[in-house]
Every structure is written in structure tokens, then in C-alpha cells.
Amino acid sequence: MSDGFDQNPIETIDLGAYTENAMLNYAMYVINDRALPHIGDGLKPVQRRIIYAMSELRLNADAKYAKSARTIGDVIGKFHPHGEAASYEAMVLMAQPFSYRYPLVDGQGNWGSPDDPKSFAAQRYTESKLTRYADLLLSETGQGTVTWQPNFDATLEEPAVLPARLPNILLNGGTGIAVGMATDILPHNLNEVAAACIRLLDEPSSGTADILEHIKGPDFPTEAEIISSPQDLRQVYETGRGSVRARAVYEVESGEIVIHALPYQVSGTKILEQIAAQMIAKKLPMVVDLRDESDHEHPTRIVIVPRSNRIEIQGLMSHLFSTTDLERSYRVNFNMIGLDGSPRVRPLVELLREWLKFRSQTVLKRLQFRLDRILDRLHILDGLLMAYLNLDEVIRIIREEDKPKEILIEKFSLSAVQADAILDIRLRQLARLEEEKIRGESEALNTERVDLEKTINSRSRLKTLIKKEITEDAVKYGSDRCAPIIHREEATAFSERDLISTEPVLVVLSEKGWTRAARGHDINPRELNYRSGDDYLTSAAGRSNQDAVFIDSTGRSYALAAHTLPTARGQGEPLTGRVSPPDGAFFTGVVIGEKEQQYIAASTAGYGFITSSGDMVTRTRAGKSLVSVPQGGVAMQPVPVDDLDNDFLAAFTNEGRLLIFPVSDLPVMARGKGVKIINIPAARIRDQVEMMSHLVVFSRADTLNVTSGRHYLNLKMKALGNYMGERGRRGAKLPRGFQKVDAVKVVKKESK
């Protein structure tokens, strides 16, 4: 007895093969029927079905608006068996002038805003119809140019691709994510793309450089600047991949920054939130107020109020460009379904060539369709003319014969179509005037037939026709570029130091290597409180957002941010907690200032050179070697130079010698030993018997106040002439009582 399974055996399929086949089918469906646009009309299936459904509902640009729900109902009921929410959102995007460079749908009602594109009203509230631009996609659908395919339930037919008259794939662009691939095509300017197509028709061998003479870059439906370099744009168009950067446009009005154009698809509300978040986090101390003054007259007007007119606006905006969506990068991926039905990334020139091939095929189909119609009509007109020439006999046959059609065909050698046309003639059309109309129509159609046949059989005539139509459409639908292309330097965000208030500070260094930073420059550092056994060594005036550079006895430099140093309320902290000098080294100097500020770096051995503050800075804990110190010598406190060409240098030794020479005699170096400033015998240096004890820089108008114990000596330029000499000399002896110089002070001449 059979259990029933013998008659219907179960088919066994390998699970791996089944899942692989199912996944491939799904992937190809998503790629071809949902996510990627076709090169011909630049539309994804849902977009194409929406436009075709609206055309079937007679919702052209001259029609009255109809409820969007009516259109979406037709779309999902007849052509697109997917969710109505997704279909309506696709329709909304085609109606938003801030999303599409050339909108395809003319919407009435709430269709969203640039601040919130998805704030559109429900489909039962909005109304819509097609725009004039949509005619570029639909005007030739009834002219034999479309390949028709059955809809999802095979009850209707829908177009596989619409016969676009311009490359909509570039004009409106598109985005989509499929399985394993995606597309990101940015919108372009119609006039530029049309000119590029004509250039390719005239010069088929044109390369990317030739086409880029016409297509300068993408053209977003916003006035924000495209700031990518020409090299970057060329790479994008040569490969079909890359990125394009766009930046907001601002103006300065009465000291306030007014942003009046945002990058493509950037929300003004989001920009306000991003800037406000930085202000709350105290990362924008230079901004005191933020306002949104956007209205109907000014769709984008964001006002940023700097703290004072001393704020560098260009630097502030560079920071905002770097840290907010005021500057945005857009990915480019020219991935689309080609004429062969396969998805592939295409460079710009290849894309345009393939579209022109599509356009040529479309125009040929249209011409052939018209020619076939003309031939059919001429065939009927020939039969009608035959009837008028034999009108009495034709009337007799119709009145007397039982089967007039067969008799007419046999007697006058007519076709069935011609016979039917004769039998359909009304009595009032038997007048002499109708015969003349037939002859006139036949002549006009024959003239058109000849012209069509010439165009179909001539590549040059076909090319000329395509160029003419592209030019006419560009004049009708084209517009000036919205987004200017201006190459800008890359934006940089503020560093932590840039965000610090620039207060005047005095960095103090003690003899034992303790440091602190006092607010202001009017503090006497000698009057500060020091630890037992410690005392003031040196100080340097600067600002809180600068680096303080410390020099140790071995000639190494160490940089610390001034704002990180402890305040002068306490006794400071040891530098050895922040940096790691060599064993036995001690700190001898500190400088702070702009990176361009020049200093004389020297050692007590009598050698030195000119360097800058920037060359002293290092971020390593171990510091960097700045001054190469001979044996027995010690690196000295660097001396600032204000006027390299006119200042003089006075070098004192601990034995009362003084040598003066122009500062310009010293070389400018980043690091090293330098050259001999004053001549001290090497043996005396090694034994630390004699050393260079003081270095000062002064001008001709200054006075040197030299102190030795209780003795004071004021030396003006005339008196200093005795100590002038060539660099590297031994120098002259100071007067008796000044063999040991305790201090040298430069007294500036007071201005009247």
C-alpha cells in the first residue's frame, strides 16, 4: 500500500546554492528595479512611474492641481507595488526646489523646507502636477520612442525608460543604495551640460579637459560656493568617483557675520544648534550672540555676533567651516544602469557619449515612427485620390454591389486599408474641394517624407537635428549657474590655545627652577613670595595663548603653554615636574612671544647666534638642543632683538671687559654653537675663571645703565664709542670699580 509520497517525490535542493541564487536575484532586483537610475532618463523606477502616472492623469503643467493622494494611489495601484509612504516621499523630493536643481513636480501646499525637508504635509493635504521641465521626459512618449513592458500584474504597460531630450541623469543627479553598490550623482547646470553634449557631437574625440571647458562642476540649487580645486574636480570627472566640497557664503554687516547661503541639503536649524553647542561648551569665547533672522524675503539669514571688532572674522569662520556643516563634502559616484542594462561607474565623457547614443536611438525611433505614419497616410491618400478620379464608378459599386469592398479592391487594385477609407467617406466630402485638399496634403507629406528619409539615412543630418533640439531645450529650460565655483583654502579649526583668552602674563623663573605666570605686565617679580632658599632669577612678558620657552644650562629648550602654568598667587611649581632636563642641568632663562620674534641665543663661553622663538619650541618632554655649549660654559638667558639692521649688541665679561658691535654681524641659525661674540681664552672658560656675564641689545638713542656694587655708570652712544669693535675681539676694560658687573639696564629715550 502506497503512502502517497511515491507519486509526488520531494525535490531536494542544496541550501547553499538556493540561498546564493535567492540573494543574487534579490540583489539584481534592488539594483535594477529600485535603487539605481537609468542613464537614459536619469530616473529610478519609482520616479519614472510617478511621472508616467501623472501624465496618464493629464496632470501636465497647464492642468489644474490634483490631490497628491490621487497620484500616489495610481502609482502604487497600477505600477509600483510598494509602500505609499516611500512613493510619496519620492514624489516630494521631485517637487522640492532645494532638493532638485530642476524640479519635476509642481507642488501646492506644504512640501517641506530647507530646514526640515521631511516636514511636508500628508498626501491627502497637498496638491501637485508636472512642471514644464517634465516635458523633456514625456513629450516623445507617444511617438514610438518607448519600449513598453508589463506592469507588476501584467494588466497594464509601463515605459521601461522615458525618452529624455536632455541628460537628466546629470541635471538632477540622484542618490541610491543597492546591494553591494551605491550611486551619488550631483546636480549640474543645464546650459553647461547642453554645451558639453554639442561639443561631443561636433568633436567626438573630445577628452575630459575639453568637456570641462563647458561643465565647470556641479551646480547645486543653492548659492553656496563650491570650493574644490580644479584638480580635484577633474579627477572626479575622469574617474567617476571622488568628492566635492561646498561652503556657506557670508558677509560682514556692521561688524556682524551674516550667513545668507548654506551648502546643499544643509539645515539652518542644525547649523544654529552646532554653533550654540560650541558656545555652551565655551569653545567659542569670541562669539557673544547668535540669531536666526530668516524670513520669507531672506530664506537664509543667520547672524553671528563677534565679541569685539578685534576678533579676526576670517579665522573665526575658518573654524566654523571646519567644525560645522557650514562646509560639507559630497561624495560622487557615477554609478548607473547603462544601455546594456548593467550597472557600472562611468567617467563624465563616457557617460555623455552613452547618453548621446541613447538620444540618437530615440530620435531615430521617433523619425521612423513619423515616417511610418506618413507612409500609411500617403497610402490612404492614394486610394482616396483614385476614388475621386473614378467617383461615378465608385458610387455605382457602393450602391449596387452586395460586397463593395471586394469589388473596389479588385477593380482599382486597392488594399483593404484603402478600400475601408473609401467606404468611410461622407457624402459631403465628395466635393471638388476635398480632392484639392487630398492633393495638397499628399504633396506636403511627400515633402516631409523626403526630409525624414534623408535625416534617417544621414548621420550628419541626424547629428545636426539633435544639436538643434538640445540648443532649443537649453534656451527654453536653461538658467544661470546657482552655485559659484571658487577655490578656497582648506578650513582649520581653532586649537585649544586659540580658544584661550589672550591676557597679558608675566612668566617668572626662580633660581631653583620653579615657575609661575602672573596676570599683567605691571607686576614686580622680585616682590613675589619665593620658597626658602630660592629667589628670583628672570622673567618674560607675553600673552596667555603663547608658549613659554625655558632654557637650561646645557642649552636645551623646553616649551610649555603659558596658560597651563600656575598663577602667581602661590610659589609656582618645579619645571622638573613637566620636563626632563639632563642630570645636573639647571634652568637659566625663559622667553615668551610670537614665533617670529628674534632672540640672541648665547653661552657664557662667548659664543652665540640669532634665532627665533618658533625655533625654540618643542613638544617633547626631553626638550630640544638649541645652543651647543663649550666645556665650562653655561647657556644664557636669550636676549630679544627688535631691529636686526640697526641695533647694537653689548657683551660684558665678569672681568669688566665690554665689546660692542652691530647685531647684524651675528648669523641667523635654528640651532648650534654660533660664532664668537667676545674673545675669551678657552682655558679660562674651562676653568670658569672668565665668562661672558651679560648681553644687552640697544639702539643708538638708548643709554646703558651699568651697576657694580654701589657704583653706577650711564653710558650713551658717544661714550660707548671706546668699546666699539669687530665681533670676536677681546673688548676694552670698563673704568675702575666695574671689574664685576652686577646688572646692565637699557634706558630707552623718552619720546617727546
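1. Helix axes are lines fitted to C-alpha atoms over the stretch in contact, with angles running from 0 to 180 degrees between N-to-C directions. Helices are DSSP runs (H or I, at least four residues), numbered from the N terminus. The model is predicted, and local features need pLDDT of at least 70, whereas side-chain atom pairs count only at pLDDT 80 or more. Residues are numbered from 1 along each chain, and side-chain values use heavy atoms.

2. Helix 2 (residues 45–56) and helix 3 (residues 68–79) have axes that come within 9 Å and cross at roughly 115°. The two are therefore roughly perpendicular (65 to 115 degrees). In contact (heavy atoms within 4.5 Å) are Arg 49, Ile 50, Tyr 52, Ala 53 and Met 54 of helix 2 with Thr 71, Asp 74, Val 75 and Phe 79 of helix 3.

3. The axes of helix 14 (residues 404–412) and helix 15 (residues 416–423) also come within 9 Å, crossing at roughly 125°. Helix 14 and helix 15 are therefore oblique to each other. Pro 404, Lys 405, Leu 408 and Ile 409 of helix 14 form this contact with residues of helix 15 including Ala 416 and Asp 420.

4. The largest nonpolar core has 116 residues; such a core is a set of buried (under 20% relative accessible area, 1.4 Å probe, protein chains only) Ala, Val, Leu, Ile, Met, Phe, Trp, Tyr and Cys residues joined through side-chain atoms within 4.5 Å. Ile 51 and Leu 104 are among the members that touch the most others. Helix 12 (residues 348–389) gives the most to this core, with 18 residues.

5. Beyond its neighbours within four places in sequence, Ile 51 contacts residues including Leu 43, Met 94 and Leu 104. A second, separate core of 21 residues includes Ile 600 and Leu 666.

Notes:
Parallel < 35°, antiparallel > 145°, perpendicular 65-115°, else oblique. Buried < 20%, exposed > 50% of the residue type's maximum accessible area, 1.4 Å probe, protein only.
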